[in-house]
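Here is a quick tour for someone meeting this structure for the first time. Have the sequence and the 3D view at hand as you read.

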Amino acid sequence: MAEVIQKRDELTTVTPMMKQYLEVKQDYGDFILMYRLGDFYECFYEDALIASKELELTLTARDCGNGKRAAMCGVPYHKADVYIGKLVEKGYKVAVCDQTEDPKSAVGIVKREVTRVITPGTITDSSLLNEGKNNFLLSVCFGRGTAALGFADISTGEVSSTFISGDDLLSRMENEIAVYQPSESVINISMEECSELTAFLQDKYRTLVNCDAKRLFDYEKSRESVKRVFGQEADKLTEPESIMAVGALIAYINETQKTDVTFAKELNVYTKGQFLEIDMNSRRN
């Protein structure tokens with residue numbers, strides 16, 4: 001019986017199909033990759049072990065090269081959203097890889113690419129949302145003894161930001177976060193550097209935490225994107241950390257939705273619990 005491989009790095013030789021899968025997976029290492037094969041979306045290796053456990057699916061195997069077999073489990077393509085919803089609800093990020101050419105006209109392996117990315121804080125499908133509550137994505141930009149928080153609900157277009165400094169920084173951040181109860185977060189420093197905040201988010205709200213996401217917090221890119229989305233109202237963000245916090249929200253949503261941000265309807269910038277509501281209908285006047 002062929003050996004079943006459960007980890008990608010255990011392979012030295014692969015079949016053409018598995019080579020294509022591994023090339024796609026390389027760009028989505030921290031996602032559960034659902035890879036379309038015929039009438040099913042299949043998961044392989046470590047993803048298969050997770051999906052089979054979380055979704056109560058039968059774990060099987062498929063030839064992957066060099067006389068070995070890859071751990072595998074799958075779901076029917078027409079029921080994929082049900083299973084995706086369960087994974088996202090459990091705090092996983094999912095990337096959906098579809099066939100992008102007609103198999104009948106394909107020469108060799110059918111072309112495939114990721115067409116959808118679904119994460120807890122960037123859900124747009126109404127069937128996956130809880131109608132009774134908002135679904136917030138949180139961004140945290142730490143400075144020197146300061147922090148800016150950004151909150152966005154992609155399903156309603158709400159965006160808020162606040163800047164915090166002074167004593168009891170963590171306690172004040174936790175108080176603000178408690179109002180929004182985010183399902184996902186992006187943070188500009190490592191998990192070790194913000195271990196208390198990470199523990200608070202995970203234990204209190206089961207928030208999916210993406211730490212050390214410095215690439216999302218580039219100041220110049222953030223300033224450009226915030227100005228593009230919010231126009232003159234971007235001037236309400238007076239602190240660099242606030243600009244980067246809101247810019248990180250836009251960057252992450254662009255990245256996961258694979259399109260420019262068009263969801264934003266209003267921006268709320270507030271301090272000391274007071275909201276400054278901005279009418280986004282006039283932001284480009």
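## Two helices side by side

A crossing is called right-handed if the near helix is turned clockwise from the far one by less than a right angle, and left-handed if anticlockwise. The crossing of α4 and α5 is right-handed. Before going further, note that this is a predicted model, where local features need pLDDT of at least 70, side-chain atom pairs count only at pLDDT 80 or more, and totals for chains, interfaces and linings use all residues. Residues are numbered from 1 along each chain as its sequence is written, and side-chain values use heavy atoms, with hydrogens and water left out.

Helix α4 covers residues 169-180 and helix α5 residues 195-205; their axes come within 11 Å and cross at roughly 30°. (Axes are lines fitted to C-alpha atoms, for helices over the stretch in contact, and angles run from 0 to 180 degrees between N-to-C directions. Helices are DSSP runs of H or I with at least four residues, strands are runs of E with at least two, and both are numbered from the N terminus.) The two helices are therefore roughly parallel to each other, a label for angles under 35 degrees; over 145 is roughly antiparallel, 65 to 115 roughly perpendicular, and the rest oblique.

Who touches whom? From α4, Leu170, Met173, Glu174, Ile177 and Ala178 meet Glu196, Leu197, Phe200, Leu201 and Tyr205 of α5, where contact means heavy atoms within 4.5 Å. Sorted by class, that contact has 8 nonpolar, no polar and 2 charged residues. (Ala, Val, Leu, Ile, Met, Phe, Trp, Tyr, Cys and Pro count as nonpolar, Asp, Glu, Lys and Arg as charged, and the others, Gly among them, as polar.)

Now look at α6 and α7, which pack at about 75° with their axes 8 Å apart. That makes α6 roughly perpendicular to α7. The α6 residues in the contact include Tyr219, Val226 and Phe230, and the α7 residues include Pro240, Met244 and Asn254. This contact has 10 nonpolar, 4 polar and 2 charged residues.

A search of the whole structure turns up 1 cavity of 30 Å³ or more. On a 1 Å grid over the protein atoms alone, a cavity is a set of points where a 1.4 Å probe fits but cannot get out, while a pocket is an open set with protein on both sides within 12 Å along at least five of seven lines; lining residues have an atom within 4 Å of a point. Grid points are joined across faces, edges and corners, and a volume is the space filled by probe spheres set on the points.

The largest cavity has a volume of about 40 Å³. Its lining includes Ala152, Val229, Ile250 and Phe263, and α6 (219-230) and α7 are the elements that give two or more residues to it. The lining divides into 9 nonpolar, no polar and no charged residues.

## The pockets

The largest pocket holds about 690 Å³ of space. Of its 26 lining residues, Val88, Glu89, Pro120, Asn135 and Ser183 lie nearest its centre. Helix α3 gives the most to this lining, with 6 residues.

The second largest pocket holds about 250 Å³. Among its 17 lining residues, Phe31, Lys93, Arg215, Tyr252 and Glu255 are the closest to its centre.
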